[in-house]
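I opened this model to see how the chain is laid out and what its side chains do. My entries follow in the order I looked things up.

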Amino acid sequence: MSLKMRNGIALGLAGAGVLMLLLGAYRGEIEVVFRKAVIICLECIGLG
(Lines give C-alpha, C1' and ligand atoms only; values in the text may rest on other atoms or scores of the structure.)
Protein backbone atom coordinates (compact mmCIF):
# COMPACT_ATOMS: atom_id res chain seq x y z
CA MET A 1 0.00 0.00 0.00
CA SER A 2 1.44 3.33 -1.01
CA LEU A 3 2.02 6.22 1.35
CA LYS A 4 -0.50 8.34 -0.55
CA MET A 5 -3.18 5.70 -0.10
CA ARG A 6 -2.42 5.36 3.62
CA ASN A 7 -2.64 9.11 4.09
CA GLY A 8 -5.93 9.20 2.19
CA ILE A 9 -7.41 6.45 4.37
CA ALA A 10 -6.18 8.17 7.54
CA LEU A 11 -7.61 11.49 6.41
CA GLY A 12 -10.93 9.87 5.53
CA LEU A 13 -11.16 8.16 8.93
CA ALA A 14 -10.26 11.39 10.73
CA GLY A 15 -12.92 13.23 8.74
CA ALA A 16 -15.51 10.57 9.59
CA GLY A 17 -14.59 10.92 13.27
CA VAL A 18 -15.02 14.69 13.19
CA LEU A 19 -18.34 14.27 11.39
CA MET A 20 -19.59 11.85 14.06
CA LEU A 21 -18.51 14.24 16.85
CA LEU A 22 -20.39 17.09 15.21
CA LEU A 23 -23.47 14.93 14.68
CA GLY A 24 -23.46 13.92 18.35
CA ALA A 25 -23.11 17.54 19.42
CA TYR A 26 -25.97 18.54 17.13
CA ARG A 27 -28.20 15.88 18.67
CA GLY A 28 -27.43 17.08 22.23
CA GLU A 29 -25.52 13.99 23.30
CA ILE A 30 -22.69 15.97 24.88
CA GLU A 31 -24.83 16.72 27.93
CA VAL A 32 -25.83 13.06 28.31
CA VAL A 33 -22.23 11.84 28.11
CA PHE A 34 -21.03 14.53 30.53
CA ARG A 35 -23.77 13.67 33.05
CA LYS A 36 -22.88 9.97 32.95
CA ALA A 37 -19.17 10.77 33.31
CA VAL A 38 -19.83 12.88 36.41
CA ILE A 39 -21.91 10.13 37.99
CA ILE A 40 -19.23 7.51 37.32
CA CYS A 41 -16.48 9.76 38.72
CA LEU A 42 -18.45 10.51 41.85
CA GLU A 43 -19.08 6.79 42.38
CA CYS A 44 -15.38 6.04 41.98
CA ILE A 45 -14.38 8.41 44.78
CA GLY A 46 -17.26 7.30 46.97
CA LEU A 47 -19.50 10.36 46.86
CA GLY A 48 -22.25 8.94 44.67
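**Entry 1. Secondary structure.** I took helices as DSSP runs of H or I with at least four residues, and strands as E runs with at least two. On that basis I count 2 helices and 0 strands in the protein. I note here that this is a predicted model.

**Entry 2. Overall extent.** I looked up the box that the C-alpha atoms fill along the principal axes, and it is roughly 55 × 25 × 5 Å. The protein has 48 residues, and buried ones make up 2% of them.

**Entry 3. Helix α1.** What does α1 reach from its first C-alpha to its last? I read 34 Å for its 24 residues, close to the 34 Å expected at 1.5 Å a residue. I then picked asparagine 7, which sits in α1, a helix that covers residues 3-26. Asparagine 7 has a relative accessible area of 47%, so I list it as partly exposed. From asparagine 7 to leucine 23 I get 24 Å, C-alpha to C-alpha, for 16 residues of sequence. Just after α1 comes glycine 28, and I note its positive phi of about 85 degrees.

**Entry 4. Helix α2.** How many of the 16 residues of α2 are buried? The number is 0, so I describe α2 as lying largely in the open. Following α2 is glycine 46, again a residue I flag for phi, which is positive and near 85 degrees. Glycine 46 lies 15 residues from glutamate 31 in sequence, and their C-alpha atoms are 23 Å apart.

I also checked glutamate 43, which is in helix α2. Its relative accessibility is 51%; because exposed means over 50%, glutamate 43 counts as exposed. Between glutamate 43 and leucine 13 there are 34 Å, C-alpha to C-alpha, at a sequence separation of 30 residues.

**Entry 5. Salt bridges.** Side chains of opposite charge can pair when their charged atoms come close. I searched for such pairs and the count comes to 2 salt bridges.

One of them joins glutamate 29 to arginine 27, with 3.3 Å between the closest N and O atoms. I find glutamate 29 partly exposed at 34% relative accessible area, whereas arginine 27 is exposed at 59%.

Another joins glutamate 31 to arginine 35, where the closest N and O atoms are 2.8 Å apart. Why do I put about one helical turn between glutamate 31 and arginine 35? They are separated by that amount because they are 4 residues apart in helix α2. An α-helix has 3.6 residues a turn, so residues three or four places apart point the same way. I also logged a polar contact of 2.8 Å joining the side chains of glutamate 31 and arginine 35. For accessibility I have glutamate 31 as exposed, at 53%, and arginine 35 as partly exposed, at 46%.

**Entry 6. Cysteines.** A disulfide is a covalent bond between the sulfur atoms of two cysteines. I looked for disulfides, and the count comes to 0. I list cysteine 44 as exposed, with a relative accessible area of 65%.

**Entry 7. Nonpolar surface.** Which residues make the nonpolar surface patch? I get Phe34, Val38, Leu42, Ile45 and Leu47, and the patch has an area of about 520 Å². I followed up leucine 42, which is in helix α2, residues 29-44. At 35% relative accessibility, leucine 42 counts as partly exposed.

Terms used
Residues numbered from 1 in each chain as written. Predicted model: local features only at pLDDT ≥ 70, side-chain atom pairs only at ≥ 80, totals over all residues. Heavy atoms only, no water. Buried < 20%, exposed > 50% of the residue type's maximum accessible area, 1.4 Å probe, protein only. Disulfide = S-S within 2.5 Å. Patch = residues over 30% accessible without salt bridge, like charges linked within 9 Å, V, L, I, M, F, W, Y side chains within 5 Å. Areas by Shrake-Rupley, 256 points an atom, 1.4 Å probe, with all protein chains shown as cover. Salt bridge = Lys/Arg side-chain N within 4 Å of Asp/Glu carboxyl O. Expected span 1.5 Å × (residues − 1). Polar contact = N/O pair within 3.5 Å; in protein donor to acceptor, adjacent residues only side chain to side chain.
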